Amino acid sequence: MTKVVLEARNIAVRFGGLIAIVDMNFSVHEGEIVGLIGPNGAGKTTAFNVITGYLSPTAGSIVYRGRDLAGLRSNQIAGLGVVRTFQKTSLFGACSVFDNILIGLHRCGARNAWEILLDLPRVRAEEARLRVLAADVLDFIGLSARRSELASTLPYGEQRLLEVAIALAAEPSLLLLDEPVAGMNPSETASFMELVKRIRQRGITILLVEHDMRMVMGVSYRVVVLNHGRIIAEGTPAEIQRNPEVIEAYLGRGAARA
Ligand SMILES: Nc1ncnc2c1ncn2[C@@H]1O[C@H](COP(=O)(O)OP(=O)(O)OP(=O)(O)O)[C@@H](O)[C@H]1O
Ligand SMILES: [Mg+2]
(Lines give C-alpha, C1' and ligand atoms only; values in the text may rest on other atoms or scores of the structure.)
(Ligands and ions follow the chains in the order given, each with its own letter.)
Protein backbone atom coordinates (compact mmCIF):
# COMPACT_ATOMS: atom_id res chain seq x y z
CA MET A 1 0.00 0.00 0.00
CA THR A 2 1.42 3.39 -0.94
CA LYS A 3 1.75 6.25 1.48
CA VAL A 4 -1.14 8.65 2.07
CA VAL A 5 -0.12 12.20 1.10
CA LEU A 6 -3.35 14.09 1.69
CA GLU A 7 -6.45 13.37 3.72
CA ALA A 8 -9.65 15.39 3.86
CA ARG A 9 -11.37 14.35 7.07
CA ASN A 10 -15.05 15.18 7.60
CA ILE A 11 -14.74 18.53 5.83
CA ALA A 12 -17.81 20.79 5.86
CA VAL A 13 -18.04 24.30 4.42
CA ARG A 14 -20.91 26.72 4.86
CA PHE A 15 -21.27 30.17 3.38
CA GLY A 16 -23.99 31.66 5.57
CA GLY A 17 -27.03 29.56 4.78
CA LEU A 18 -25.44 27.84 1.79
CA ILE A 19 -23.88 24.43 2.44
CA ALA A 20 -21.05 24.12 -0.08
CA ILE A 21 -19.41 20.91 1.24
CA VAL A 22 -20.94 18.20 3.43
CA ASP A 23 -18.81 15.72 5.38
CA MET A 24 -16.19 15.25 2.69
CA ASN A 25 -13.68 12.42 3.22
CA PHE A 26 -11.09 11.35 0.70
CA SER A 27 -7.39 10.69 0.48
CA VAL A 28 -4.66 10.98 -2.12
CA HIS A 29 -1.72 8.55 -2.18
CA GLU A 30 1.88 9.19 -3.12
CA GLY A 31 2.38 9.26 -6.88
CA GLU A 32 -1.30 9.20 -7.78
CA ILE A 33 -3.19 11.37 -10.21
CA VAL A 34 -6.64 11.82 -8.65
CA GLY A 35 -9.48 13.48 -10.55
CA LEU A 36 -12.03 15.51 -8.59
CA ILE A 37 -15.10 16.01 -10.76
CA GLY A 38 -18.67 17.18 -10.40
CA PRO A 39 -21.22 19.50 -11.99
CA ASN A 40 -20.92 23.31 -11.73
CA GLY A 41 -21.22 24.49 -8.15
CA ALA A 42 -20.54 21.01 -6.71
CA GLY A 43 -17.83 22.39 -4.40
CA LYS A 44 -14.61 21.47 -6.25
CA THR A 45 -12.91 24.88 -6.09
CA THR A 46 -14.13 25.27 -2.50
CA ALA A 47 -12.39 21.97 -1.69
CA PHE A 48 -9.17 23.33 -3.26
CA ASN A 49 -9.55 26.54 -1.24
CA VAL A 50 -9.81 24.53 1.97
CA ILE A 51 -6.86 22.24 1.15
CA THR A 52 -4.58 25.16 0.25
CA GLY A 53 -5.51 27.39 3.18
CA TYR A 54 -7.48 30.05 1.29
CA LEU A 55 -10.55 29.12 3.30
CA SER A 56 -11.03 27.62 6.77
CA PRO A 57 -13.53 24.78 6.80
CA THR A 58 -16.59 25.04 9.01
CA ALA A 59 -15.72 21.57 10.31
CA GLY A 60 -13.16 18.84 9.72
CA SER A 61 -9.47 18.80 9.00
CA ILE A 62 -6.95 18.56 6.19
CA VAL A 63 -3.97 16.35 6.95
CA TYR A 64 -0.91 16.54 4.72
CA ARG A 65 1.80 13.92 5.25
CA GLY A 66 0.48 13.32 8.76
CA ARG A 67 0.34 17.01 9.67
CA ASP A 68 -2.92 18.85 10.38
CA LEU A 69 -2.89 22.03 8.27
CA ALA A 70 -5.41 23.89 10.50
CA GLY A 71 -4.37 27.49 11.14
CA LEU A 72 -1.64 27.58 8.50
CA ARG A 73 -1.73 30.36 5.91
CA SER A 74 -1.80 29.58 2.20
CA ASN A 75 1.86 30.56 1.71
CA GLN A 76 2.91 28.31 4.60
CA ILE A 77 0.99 25.41 3.07
CA ALA A 78 2.65 26.12 -0.29
CA GLY A 79 5.98 26.08 1.55
CA LEU A 80 5.18 22.55 2.74
CA GLY A 81 4.79 21.50 -0.91
CA VAL A 82 1.03 21.85 -1.55
CA VAL A 83 0.78 24.16 -4.55
CA ARG A 84 -2.23 25.05 -6.70
CA THR A 85 -3.25 26.75 -9.89
CA PHE A 86 -6.41 28.86 -10.16
CA GLN A 87 -9.54 28.34 -12.22
CA LYS A 88 -9.33 31.94 -13.47
CA THR A 89 -6.14 33.23 -15.06
CA SER A 90 -3.93 35.01 -12.56
CA LEU A 91 -0.93 36.15 -14.65
CA PHE A 92 0.78 39.54 -14.73
CA GLY A 93 -0.07 40.37 -18.34
CA ALA A 94 2.31 43.34 -18.61
CA CYS A 95 5.32 41.28 -17.46
CA SER A 96 7.36 38.84 -19.51
CA VAL A 97 6.85 35.09 -19.32
CA PHE A 98 10.15 34.73 -17.46
CA ASP A 99 9.32 37.54 -14.99
CA ASN A 100 5.94 35.96 -14.25
CA ILE A 101 7.81 32.91 -12.97
CA LEU A 102 10.28 35.04 -10.98
CA ILE A 103 7.40 37.01 -9.42
CA GLY A 104 5.76 33.72 -8.41
CA LEU A 105 9.03 32.55 -6.85
CA HIS A 106 9.50 35.77 -4.88
CA ARG A 107 6.01 35.52 -3.51
CA CYS A 108 6.96 32.22 -1.93
CA GLY A 109 10.43 33.49 -0.82
CA ALA A 110 10.74 34.38 2.86
CA ARG A 111 13.33 37.19 2.79
CA ASN A 112 12.70 40.46 4.56
CA ALA A 113 13.99 43.94 3.68
CA TRP A 114 16.85 43.78 6.24
CA GLU A 115 18.19 40.56 4.80
CA ILE A 116 18.18 42.13 1.38
CA LEU A 117 19.97 45.26 2.68
CA LEU A 118 22.54 43.53 4.87
CA ASP A 119 23.40 40.42 2.96
CA LEU A 120 23.69 41.32 -0.68
CA PRO A 121 25.99 38.48 -1.78
CA ARG A 122 23.63 35.89 -0.38
CA VAL A 123 20.67 37.61 -1.99
CA ARG A 124 22.49 37.68 -5.32
CA ALA A 125 23.29 33.98 -5.07
CA GLU A 126 19.65 33.24 -4.28
CA GLU A 127 18.52 35.38 -7.22
CA ALA A 128 20.83 33.43 -9.52
CA ARG A 129 19.45 30.14 -8.20
CA LEU A 130 15.87 31.30 -8.82
CA ARG A 131 16.72 32.37 -12.38
CA VAL A 132 18.14 28.92 -13.12
CA LEU A 133 15.07 27.30 -11.60
CA ALA A 134 12.74 29.52 -13.66
CA ALA A 135 14.63 28.70 -16.87
CA ASP A 136 14.49 24.95 -16.08
CA VAL A 137 10.74 25.09 -15.52
CA LEU A 138 10.15 27.02 -18.75
CA ASP A 139 12.20 24.42 -20.59
CA PHE A 140 10.23 21.56 -19.01
CA ILE A 141 6.89 23.12 -19.92
CA GLY A 142 8.03 23.99 -23.46
CA LEU A 143 7.83 27.78 -23.23
CA SER A 144 11.54 28.67 -23.40
CA ALA A 145 11.17 30.31 -26.79
CA ARG A 146 8.52 32.63 -25.31
CA ARG A 147 10.49 33.74 -22.27
CA SER A 148 10.81 37.43 -23.26
CA GLU A 149 7.27 37.87 -24.56
CA LEU A 150 4.62 39.63 -22.51
CA ALA A 151 2.32 37.13 -20.83
CA SER A 152 -0.77 38.92 -22.23
CA THR A 153 0.42 38.34 -25.81
CA LEU A 154 0.58 34.53 -25.47
CA PRO A 155 -2.20 32.43 -27.00
CA TYR A 156 -4.67 31.40 -24.29
CA GLY A 157 -3.46 27.79 -24.15
CA GLU A 158 0.10 28.96 -23.49
CA GLN A 159 -1.09 31.36 -20.78
CA ARG A 160 -2.58 28.36 -19.00
CA LEU A 161 0.71 26.48 -19.42
CA LEU A 162 2.54 29.44 -17.89
CA GLU A 163 0.30 29.20 -14.82
CA VAL A 164 1.31 25.57 -14.42
CA ALA A 165 4.96 26.60 -14.87
CA ILE A 166 4.60 29.15 -12.04
CA ALA A 167 3.17 26.44 -9.79
CA LEU A 168 5.96 24.01 -10.71
CA ALA A 169 8.61 26.62 -9.93
CA ALA A 170 7.38 26.51 -6.33
CA GLU A 171 8.64 22.88 -6.32
CA PRO A 172 5.43 21.16 -5.25
CA SER A 173 5.17 17.69 -3.85
CA LEU A 174 1.38 17.77 -4.31
CA LEU A 175 0.06 19.84 -7.22
CA LEU A 176 -3.61 20.90 -7.43
CA LEU A 177 -4.84 21.90 -10.89
CA ASP A 178 -8.21 23.68 -11.15
CA GLU A 179 -9.64 23.19 -14.66
CA PRO A 180 -6.27 23.51 -16.40
CA VAL A 181 -7.57 22.72 -19.91
CA ALA A 182 -10.68 24.94 -19.79
CA GLY A 183 -10.59 27.04 -22.97
CA MET A 184 -7.89 24.93 -24.62
CA ASN A 185 -8.45 23.46 -28.08
CA PRO A 186 -8.34 19.65 -28.56
CA SER A 187 -4.69 19.52 -29.61
CA GLU A 188 -3.61 21.75 -26.71
CA THR A 189 -5.63 19.50 -24.39
CA ALA A 190 -3.97 16.37 -25.79
CA SER A 191 -0.50 17.78 -25.18
CA PHE A 192 -1.55 18.94 -21.73
CA MET A 193 -2.46 15.34 -20.90
CA GLU A 194 1.09 14.31 -21.80
CA LEU A 195 2.41 17.15 -19.63
CA VAL A 196 0.38 15.94 -16.65
CA LYS A 197 1.95 12.49 -17.06
CA ARG A 198 5.45 14.02 -17.28
CA ILE A 199 4.78 16.04 -14.09
CA ARG A 200 3.78 12.80 -12.39
CA GLN A 201 7.01 11.19 -13.64
CA ARG A 202 8.92 13.91 -11.79
CA GLY A 203 7.52 12.40 -8.58
CA ILE A 204 4.78 14.99 -8.10
CA THR A 205 1.37 13.77 -6.89
CA ILE A 206 -1.56 15.45 -8.65
CA LEU A 207 -5.11 16.35 -7.68
CA LEU A 208 -7.00 17.50 -10.75
CA VAL A 209 -10.32 19.31 -11.07
CA GLU A 210 -11.55 19.19 -14.65
CA HIS A 211 -14.77 19.26 -16.65
CA ASP A 212 -13.18 17.78 -19.79
CA MET A 213 -14.09 14.12 -19.26
CA ARG A 214 -11.71 12.71 -21.88
CA MET A 215 -8.88 14.53 -20.19
CA VAL A 216 -9.73 13.58 -16.61
CA MET A 217 -10.59 9.96 -17.44
CA GLY A 218 -7.46 9.71 -19.59
CA VAL A 219 -4.95 10.71 -16.92
CA SER A 220 -6.52 9.88 -13.53
CA TYR A 221 -5.74 6.68 -11.66
CA ARG A 222 -8.75 7.31 -9.46
CA VAL A 223 -11.71 9.69 -9.66
CA VAL A 224 -13.73 11.25 -6.82
CA VAL A 225 -17.16 12.66 -7.71
CA LEU A 226 -18.76 15.57 -5.84
CA ASN A 227 -22.39 16.56 -6.27
CA HIS A 228 -24.02 19.32 -4.24
CA GLY A 229 -21.04 19.26 -1.88
CA ARG A 230 -21.24 15.53 -1.21
CA ILE A 231 -18.99 12.73 -2.48
CA ILE A 232 -21.30 10.42 -4.40
CA ALA A 233 -18.75 8.05 -5.93
CA GLU A 234 -15.10 7.13 -5.96
CA GLY A 235 -13.32 4.65 -8.22
CA THR A 236 -11.29 4.00 -11.34
CA PRO A 237 -12.25 6.01 -14.45
CA ALA A 238 -13.99 2.91 -15.87
CA GLU A 239 -16.02 2.40 -12.68
CA ILE A 240 -17.01 6.07 -12.54
CA GLN A 241 -18.07 6.19 -16.19
CA ARG A 242 -20.61 3.41 -15.68
CA ASN A 243 -21.85 4.53 -12.24
CA PRO A 244 -25.59 5.31 -12.56
CA GLU A 245 -25.55 7.93 -9.78
CA VAL A 246 -22.72 9.80 -11.51
CA ILE A 247 -24.47 9.68 -14.88
CA GLU A 248 -27.62 11.00 -13.26
CA ALA A 249 -25.75 13.82 -11.49
CA TYR A 250 -24.38 14.99 -14.81
CA LEU A 251 -27.28 14.37 -17.13
CA GLY A 252 -30.30 14.60 -14.87
CA ARG A 253 -32.96 12.20 -13.76
CA GLY A 254 -33.66 9.25 -15.99
CA ALA A 255 -30.40 9.52 -17.88
CA ALA A 256 -28.89 6.51 -16.13
CA ARG A 257 -31.71 4.35 -17.46
CA ALA A 258 -31.64 5.81 -20.96
N1 LIG B 1 -16.88 32.76 -1.20
C2 LIG B 1 -18.11 32.27 -1.38
N3 LIG B 1 -19.18 32.82 -0.79
C4 LIG B 1 -20.42 32.29 -0.95
N5 LIG B 1 -20.68 31.21 -1.70
C6 LIG B 1 -19.66 30.62 -2.32
C7 LIG B 1 -18.31 31.11 -2.20
N8 LIG B 1 -17.49 30.30 -2.93
C9 LIG B 1 -18.28 29.37 -3.48
N10 LIG B 1 -19.57 29.55 -3.12
C11 LIG B 1 -20.71 28.69 -3.49
O12 LIG B 1 -20.38 27.37 -3.09
C13 LIG B 1 -20.82 26.42 -4.06
C14 LIG B 1 -19.63 25.63 -4.58
O15 LIG B 1 -18.83 26.49 -5.39
P16 LIG B 1 -17.48 26.03 -6.08
O17 LIG B 1 -16.88 27.24 -6.70
O18 LIG B 1 -16.66 25.29 -5.10
O19 LIG B 1 -18.00 25.03 -7.20
P20 LIG B 1 -17.20 24.26 -8.32
O21 LIG B 1 -17.48 22.80 -8.15
O22 LIG B 1 -15.79 24.69 -8.34
O23 LIG B 1 -17.96 24.75 -9.64
P24 LIG B 1 -17.40 25.07 -11.14
O25 LIG B 1 -17.31 23.73 -11.81
O26 LIG B 1 -18.46 25.91 -11.73
O27 LIG B 1 -16.08 25.75 -11.00
C28 LIG B 1 -21.55 27.22 -5.12
O29 LIG B 1 -22.92 27.22 -4.79
C30 LIG B 1 -20.95 28.60 -4.99
O31 LIG B 1 -21.86 29.59 -5.42
MG1 LIG C 1 -14.60 25.65 -9.67
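## Helices, contacts and backbone angles

Modeller: Note that this is a predicted model. Helix H7 covers residues 186–201 and has 16 residues. From its first C-alpha to its last it reaches 23 Å, close to the 22 Å expected at 1.5 Å a residue.

Biologist: Which residues of H7 are buried, and how are they placed about the axis of the helix?

Modeller: Viewed down the axis of H7, the buried residues fall within an arc of 65°, so they line one face of the helix. The face turned away from that side carries the exposed residues Pro186, Ser187, Glu194, Arg198 and Gln201. The buried residues on the covered side are Phe192, Val196 and Ile199.

Biologist: What covers the buried residues of H7?

Modeller: Both strands and a helix contribute to the cover. It includes strand S3 (33–37), strand S7 (174–178), strand S8 (205–209) and helix H8 (213–219).

Biologist: Which residues does Ile206 touch, leaving out residues up to four places away in sequence?

Modeller: Ile206 lies in strand S8. It is buried, because 22 other C-beta atoms lie within 10 Å and the cut-off is 20 or more. The C-alpha atoms of Ile206 and Leu177 are separated by 7.6 Å, although the two are 29 residues apart along the chain. Ile206 touches Ile33, Leu175, Leu177, Val196, Ile199 and Arg200.

Biologist: Is Ser220 buried or exposed, and what is it in contact with beyond four places in sequence?

Modeller: Ser220 sits in the loop between H8 and S9. With 23 other C-beta atoms within 10 Å, Ser220 is buried. Its C-alpha is 29 Å from that of Ala135, at a separation of 85 residues in sequence. The contacts of Ser220 are Ile33, Val34, Gly35, Leu208 and Pro237.

Biologist: How is helix H5 oriented to helix H6?

Modeller: Two packed helices are described by the angle between their axes and the distance between the axes. For H5 (residues 120–141) and H6 (residues 156–169) the angle is about 135° and the axes are 9 Å apart. That angle makes H5 oblique to H6.

Biologist: What is the handedness of the crossing where H5 passes H6, and which residues make the contact?

Modeller: H5 passes H6 in a right-handed crossing. From H6 the contact takes Leu161, Val164, Ala165, Leu168 and Ala169. From H5 it takes Leu133, Ala134, Val137, Leu138, Phe140 and Ile141.

Biologist: How many of the residues of H6 are buried?

Modeller: H6 has 14 residues and reaches 20 Å from its first C-alpha to its last, close to the 20 Å expected at 1.5 Å a residue. H6 is mostly covered, the count being 11 of its 14 residues.

Biologist: Is Arg124 buried or exposed?

Modeller: Arg124 has its place in helix H5. Arg124 has 10 C-beta neighbours inside 10 Å, so it counts as exposed.

Biologist: How many residues of helix H1 are buried?

Modeller: H1 spans residues 44–51. Among its buried residues are Lys44, Phe48 and Ile51. H1 is largely enclosed by the rest of the structure, because the buried residues number 8 of the 8.

Biologist: Which residues take a positive phi just after H7 and just after H6, and which one follows H1?

Modeller: After H7, phi is about 90° at Gly203. After H6, phi is about 55° at Glu171. H1 is followed by a residue with phi near 80°, namely Gly53.

Biologist: What is the phi of Asn10, and what is that of His228?

Modeller: Most residues other than glycine have a negative phi. Asn10 is found in strand S1 (residues 4–15) and is exposed, with 12 other C-beta atoms within 10 Å. His228 lies in the loop between strand S9 (222–227) and strand S10 (230–235) and is partly exposed, with 15 such atoms within 10 Å. Both values are positive: phi of Asn10 is near 50°, and phi of His228 is near 45°.

Terms used. Residues are numbered from 1 along each chain as its sequence is written. Chains are lettered from A and ligands numbered from 1 in the order in which they are written. This is a predicted model: local features need pLDDT of at least 70, side-chain atom pairs count only at pLDDT 80 or more; totals for chains, interfaces and linings use all residues. Helices (H or I, at least four residues) and strands (E, at least two) are DSSP runs, numbered from the N terminus. The expected span of a helix is 1.5 Å times one less than its number of residues. The arc is that of the directions from the helix axis to the C-beta atoms. Two residues are in contact if their C-beta atoms, placed from the backbone, lie within 7 Å. Axes are lines fitted to C-alpha atoms, for helices over the stretch in contact, and angles run from 0 to 180 degrees between N-to-C directions. Angles under 35 degrees count as roughly parallel, over 145 as roughly antiparallel, 65 to 115 as roughly perpendicular and the rest as oblique. A crossing is left-handed if the near helix is turned anticlockwise from the far one by less than a right angle, and right-handed if clockwise.
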